[in-house]
Amino acid sequence: MSHEIEEKQSDILNRREILKGLATVPVLGFFFVKLWQKMRLDKLKKSNLLQNLVKDNKSPAIVSNIGNNDHLRVGIVGYGGRGSHLTRGLGFATPDWTTNAAERAQNNKLYKGFTTFMSQADLNCSLVGVCDLFDVRAELGLAASKNEVRSGGKPKETAKRYRHYTDLLANKDIDAVIVSTPDHWHSRVAIDAAKAGKHVYCEKGLTRTFNEALDLYDTVKETGITFQLGHQNRQVEAYEQAKKIINQNLLGPINLVQLTTNRNSPGGAWVWGIHPEGNAKTIDWETFQEPSPNKIPFGEEALRRFFRWRCWFDYGTGLSGDLFSHDFDQINQIMGLGIPKYASSSGGIYFYKDGRDVPDVWNATLEYPDKDLTVLYSATLSSLNARGNRIMGHDATMQIGGESNAGTLGGFIVTADPYSTKYKERLDKGVINSKYPIYSYAPGSKEIDGITSATSQYFANKGLLYTYRDGKRVDSTHLHVKDWIDAIRAGGVPACNIEEAFHEAVACHMATESYLQGRRIEWDPKKRALV
Amino acid sequence: MKKDLTSNDAYSGSQLIGLVILRILIGWHFLYEGISKLVNPYWSSAAYLLDSKWIFSSLAERIVANPIFLGFTDSINMWGLTIVGFSLLLGFMSRYGAIAGLVFVLLYYFFAPPFIGLEYSKPGEGSYIIVNKNLIEAGALYVLYLFPTSQLIGLDRLILSIQSKYLGVK
C-alpha cells in the first residue's frame, strides 16, 4: 500500500518537474508563430517590390570571351591624366603607379585599386606608340609600355615616342589609336587616324565644335573603322539594369529627367597642377594651340592654359563636354533619347574667378516634344551637395547616385509615387510604401572599398570608376577599352559607337551654343544643322 | 553565507518569476536578432564594423578587408545570437548562455561605444552618453549569470531530474 503511494508521488513529482522544465516552451512556440507571420508579410511585401517584376534580373556576364589570338598594336595620342588611366585599362601602368598602388594596398587593406588592376583581363595588346607634346608625360607613357607589373606579364613590344601625331599614324604597324588629347585636337587626330585605317578610341566630349562632330561622324561612317567614345558608364552594370526597368515601363510615363553635377574642389574645377618641369623646352606649345581659335605666345598664361585647358573655350567646352556629356550619355544609354529638338542653357563664372572663360555654374534644358519629355541639367563646381540624377515617372522615380542610399557605388533606387495609378492598389493595401524604395540596386554591397579623394568619390557614385560583374569589382574604363578591342577583333559594334557619340556631341554642342549665343538652339535633322 | 541558488527555496516565488521573465525577454531579443540575420542573405556585419570607433576600430577594419574573416565574423554573429537566444529562452545551459550573450553585447558596446567625441555615420535610435542599451543588456545578462534560474524553470531542470532518476546522478 505505502509502496503504491510512493510510486504515485514520484509520478506527481515527475509531472511537476516536466511542467517546470518545459514552462518556457510555449513562449518559444509563440515566438515561432510571430516569426512565421512576420516572414510571410515580408514575403508578400517583397513579391510586390519591383525586384520581382523585372524580367531577366540577371547581371551581365563577367566578360565575354572573344579569342584574343591576334596581337594588337595600340598607339596613344595624349598621355595626360586620362590617357594614363586608359592605358591602365589596356593593361599598362607606369612603374610609379604600380609601386605606389602596391604600397597603398599594403597600408590600407580596404584599397582595392591594385588588385583590380592586376586581375583585369589580359587584352593581348602592346602599347607601341606614344605621342605627347610634353616631354615628361611622353616619357611616362614609354615607361608604362615597358612595365612588366601587369596581368599579361612582360609586354610583347614596347613603345616608341612620336613628336607629332601624324608620325604615329604613319606607322603602318599600329592597328588602333587612343585619342586622349584636349578636346580641340580630338577631331583632327581621330579623322586622320580613321583615314589611315586605324581603329579609334576617342575621349569625350567628342569634339570641341559642332562642325567637327559632323566631319568626324562622316569620316568614321565612310572608313568603317571601329570607333568607341570614352563614356565608360556604358559598361556599368547598374545602368543596364536601369534600362530594363525603363523598357518595361515600370516608372510609368516619364516627363521630366533631372541630371546634376556637384563638385567642390579645385581639382574638380580643373585647377590642375602646373608641372614644375613644364617650360618652353619641354612643351611644344605652338603645336598645342594650332587648332584653337585664339593664339597666345608661350609664357605663364600659356602654361596655365596647357595644364588647365578645360577652363577655356579655346580648347574644350567646360562643363558641357566634360561632365554634362557623361550624364547625357548615361541617360541616353538608359532611355535611348537621341538628339533633342531644342536646347537652351545659361550660367556664369560665379566662384572660380581665375581668368577662365567657361562657366562654373551652368544649367541646360533639353526638350523632346515627340517624347513628351524635358531633360534638365544643373551643374555647380562650388558645392558637393550630391543631388543625384532622377528619372521622374508618374508611377515611380528612379534616383541614380546622390544621397539617400542611392550613393552606393553606382547604384540606384526606385520609389513609388504616392499618386501612382499603376501601383494604387498596392499602395492602398500597404504592401508598397512610397517612403521606401521598391527597388534598390547596390552592386557589390557586401564588398567595401576605401575611395578617398572627393573627385574619386564623385566618379564612383556616378559609376564612372568602378562597376561590378558578379559582385566583383572591375574598372569600368578597362571594360570600355576591352569592349572596343573585342569589337575590333570580332567585327562587332562597341557600346558607345559613333551613332551614340553623335547624339552626345550634338546635344552638348546645342547646349554650349545656346550659352555662347544667348538663345534657344533647334536641331534640324534633315539639314543636319543647328538653327 | 552564500545560498544554493539551484535549490527550490533559493528565491521567493515572485523573485523567480521576475528573473525568468528577464531571461525570456533577453532570450527572445537574441533569438530574433540571430534568426533575422540567418534568413537575410544580404546581411553582413561589414557596415557596423566600418563604423567602428575607439580601440577596436583598426581590428574592425582588418576584419572587413579580409573576406574570410568577415564571413567568419558574420557566421559567429548569426549563429551565436541564435544559440544564445535558444539557451536563455528555453533555460538550456543558461549560465553559459548568459556569459556568451554578455560577451556579445560587450563586444558590440566596445566596437562602437557612445563616448563623447566619437561620431557615428548612422544616428543612434536613442540618446546616449557612455551608457547605451548594449551596456544595460550586458548588465542584465550579468544578473542572469549571478542568479541562475534554468535549473528551476527551464530545460536544465528536466535534464537534471532525468539524470538523477535514470542515471543516478545527484
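## Overall composition

Of the 531 residues in chain A, 54% are buried. The structure is a predicted model. Chain A contains 17 helices and 18 strands.

The accessible surface of chain A amounts to about 23000 Å², and carbon and sulfur atoms account for 52% of it. When contacts in chain A between residues at least 6 apart in sequence are considered, 73% join residues at least 24 apart.

In soluble globular proteins, nonpolar side chains tend to be buried together. The largest nonpolar core in this model has 102 residues, and the members that touch the most others are F227(A), M335(A), I391(A), M398(A) and F412(A). Helix 17 of chain A, spanning residues 498–517, supplies the largest share of this core, with nine residues. Another core, of 21 residues, lies apart from it and includes L72(A), I76(A), L127(A) and A176(A).

Leaving aside residues up to four places away in sequence, F227(A) touches V200(A), C202(A), L206(A), L216(A) and V220(A), and also W484(A), P494(A), C496(A), N497(A), I498(A) and A501(A).

## Packing of helices 3 and 16

Helix 3 (residues 81–90) and helix 16 (residues 476–490) of chain A have axes that come within 8 Å and cross at roughly 65°. Angles of 65 to 115 degrees count as roughly perpendicular, and helix 3 of chain A and helix 16 of chain A are therefore roughly perpendicular to each other. Helix 3 of chain A passes helix 16 of chain A in a right-handed crossing.

On the side of helix 3 of chain A, the contact is made by R82(A), H85(A), L86(A), G89(A) and L90(A). Helix 16 of chain A contributes T477(A), H478(A), V481(A) and I485(A).

Notes
Residues are numbered from 1 along each chain as its sequence is written. Chains are lettered from A and ligands numbered from 1 in the order in which they are written. This is a predicted model: local features need pLDDT of at least 70, side-chain atom pairs count only at pLDDT 80 or more; totals for chains, interfaces and linings use all residues. Side-chain values use heavy atoms; hydrogens and water are left out. Helices (H or I, at least four residues) and strands (E, at least two) are DSSP runs, numbered from the N terminus. Buried means under 20% relative accessible area, exposed over 50%, partly exposed in between (1.4 Å probe, protein chains only). Contact means heavy atoms within 4.5 Å. Accessible areas come from the Shrake-Rupley method with a 1.4 Å probe; for residues, only the protein chains shown count as cover. A nonpolar core is a set of buried Ala, Val, Leu, Ile, Met, Phe, Trp, Tyr and Cys residues joined through side-chain atoms within 4.5 Å. Axes are lines fitted to C-alpha atoms, for helices over the stretch in contact, and angles run from 0 to 180 degrees between N-to-C directions. Angles under 35 degrees count as roughly parallel, over 145 as roughly antiparallel, 65 to 115 as roughly perpendicular and the rest as oblique. A crossing is left-handed if the near helix is turned anticlockwise from the far one by less than a right angle, and right-handed if clockwise.
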